[in-house]
Number of protein chains: 2
Amino acid sequence: MQSGNIYDFKVEPQDVDFALRARLAAMCGNILNIAGQDAHRNGFGTDAVMKQNNSWVLSRLAIEFDYLPKQYDAYKIRTWIVDSGRIISVRNFVLSDAAGGVFGRVTSQWCMINLETRRPCDLTPVLDACRQYVFDEEAPCEAPRKLAAVEAEATTEHRVVYSDIDFNRHVNTLRYIEMMVDTLPIEVLAEPHAIRLDIHFVKESRYGQTLTIGSRHEADCWLFEIKDNDGAVICRATFEFR
Amino acid sequence: MQSGNIYDFKVEPQDVDFALRARLAAMCGNILNIAGQDAHRNGFGTDAVMKQNNSWVLSRLAIEFDYLPKQYDAYKIRTWIVDSGRIISVRNFVLSDAAGGVFGRVTSQWCMINLETRRPCDLTPVLDACRQYVFDEEAPCEAPRKLAAVEAEATTEHRVVYSDIDFNRHVNTLRYIEMMVDTLPIEVLAEPHAIRLDIHFVKESRYGQTLTIGSRHEADCWLFEIKDNDGAVICRATFEFR
């Protein structure tokens, strides 16, 4: 028996780019939404943990796509969580096409923070209450890589607006992905590629801040570092196109 | 019997803002996605008309919400099209809550354009082929209002990026709505309001253009006019908060 739960998807017109291929941010959106839905179904969703004034926040993410599917392609997302200690909850995902072929692999690390202190909570009681949903199947891809500071060769700015902010009152993950993707050369985005994306979230950013998106191109990789107006690192990411 | 088809929704965590209410753009997204899905189901979706190298584009839109629903609220969208001539197809929507109470009313006007010439096509053959899906129930709210030129008292700029562009190779409707909403005072967005939104799309905008979002505040209304870098009007809108 396979670990976890399986969810059915189709690449909808709103998910595709000008080449009628799913946008990376749209696929990440579905993956993260399924994390929320699956946790909700298993009793430890944001709605449940918010009753203790806590919320789930994404800490690190690694995503590999062999390709991005086309408009109206059907696919499945299978997801499960593994036991990974007091502070980090690991959730994995495998994406497969209509014929069962795997084309996407994701591993993600989450913290539960207290909404007042914004500090991480001990996950032990949460995991103890849902042992039947914890599996020992290993991650389908390499864990999120360590990402060093980026010496930027180009920068753009982004003022954080209402539409960037989510239920956690901070900038949503997809918005960071879009900020970075939108600085890539359009030729790179127009070509089909296999891609690996590593993201490490360091600090939250809030409404009204001005973010600086620094980037650097090295061979097949684009390295990013987003900072706030005090120069504090908000997140780092590497996009690797193969 | 009621006109059209009914679709079930729930306000998902990804749809809400910091106040845990559905964002206007997220609701518009679901409404426009249902337009696409319903047309697809009835055989005249974007995928079908693209075979003749045509595509549907939104021309005018009027939306009224008595309130924006909260996270996890269930709601229904009923939608139908009416006969409205050779160039404009009118699609209406009614949104109702779990108890059946109507809280949203939408009427939208669409053109079919040829993707090569970007000019409108004659809709007669399309409508003739789907007479059984055309109803004569009147629009649930006042038709999109005429919107005059706006003498802007404030402007912001937006460079059109990859993530703004949709399958029609132009800036997506939701992005325009976000560009405008994101200039509104956060106090207005934080308060529950009834809202009416009228939008009139005049010209497409494309990747790499720099748009100027001009706005003007008059009593309960915010008036917008978005122009491209040649000064051509892209769209006009009025947000009325009650």
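The model is predicted. In chain B, B:Tyr75 stands opposite B:Asp97, a residue of β4(B). Strand β4 (residues 89–97) of chain B is joined by eight bridges to strand β3 (residues 74–82) of chain B, and the two run antiparallel.

**The sheet of chain B**

- An open sheet is formed by ten strands of chain B, in the order β1-β3-β4-β5-β2-β7-β10-β9-β8-β6, with antiparallel pairing.
- Its edge strands are β1 (5–10) and β6 (154–159) of chain B, each of which pairs on one side only.
- From one strand to the next, the twist averages 20 degrees.

**Helix α4 of chain B**

- Helix α4 (residues 173–181) of chain B lies across β2 (54–65), β6, β7 (195–201), β8 (210–218), β9 (221–227) and β10 (233–241) of chain B.
- The helix runs at about 60 degrees to β10(B).
- Because eight of the nine residues of α4(B) are buried, the helix is largely enclosed by the rest of the structure.
- Among the buried residues of α4(B) are B:Arg175, B:Glu178, B:Ile177 and B:Met180.
- The N-terminal end of α4(B) is capped by B:Asn172, with a side-chain oxygen 3.0 Å from the backbone nitrogen of B:Leu174.

**The nonpolar core**

- In soluble globular proteins, nonpolar side chains tend to be buried together.
- Here the largest nonpolar core has 132 residues, and A:Phe239 and B:Phe239 have the most contacts inside it.
- Leaving aside residues up to four places away in sequence, B:Phe239 touches residues including B:Ile177, B:Met180, B:Val181, B:Leu197, B:Trp222 and B:Phe224.

How values were computed. Residues are numbered from 1 along each chain as its sequence is written. Chains are lettered from A and ligands numbered from 1 in the order in which they are written. This is a predicted model: local features need pLDDT of at least 70, side-chain atom pairs count only at pLDDT 80 or more; totals for chains, interfaces and linings use all residues. Side-chain values use heavy atoms; hydrogens and water are left out. Two strands pair if DSSP finds at least two bridges between them. Helices (H or I, at least four residues) and strands (E, at least two) are DSSP runs, numbered from the N terminus. Axes are lines fitted to C-alpha atoms, for helices over the stretch in contact, and angles run from 0 to 180 degrees between N-to-C directions. Contact means heavy atoms within 4.5 Å. A nonpolar core is a set of buried Ala, Val, Leu, Ile, Met, Phe, Trp, Tyr and Cys residues joined through side-chain atoms within 4.5 Å. Buried means under 20% relative accessible area, exposed over 50%, partly exposed in between (1.4 Å probe, protein chains only). A polar contact is a pair of N or O atoms within 3.5 Å; within protein, one must be able to donate a hydrogen and the other to accept it, and residues adjacent in sequence count only if both atoms are side-chain atoms.
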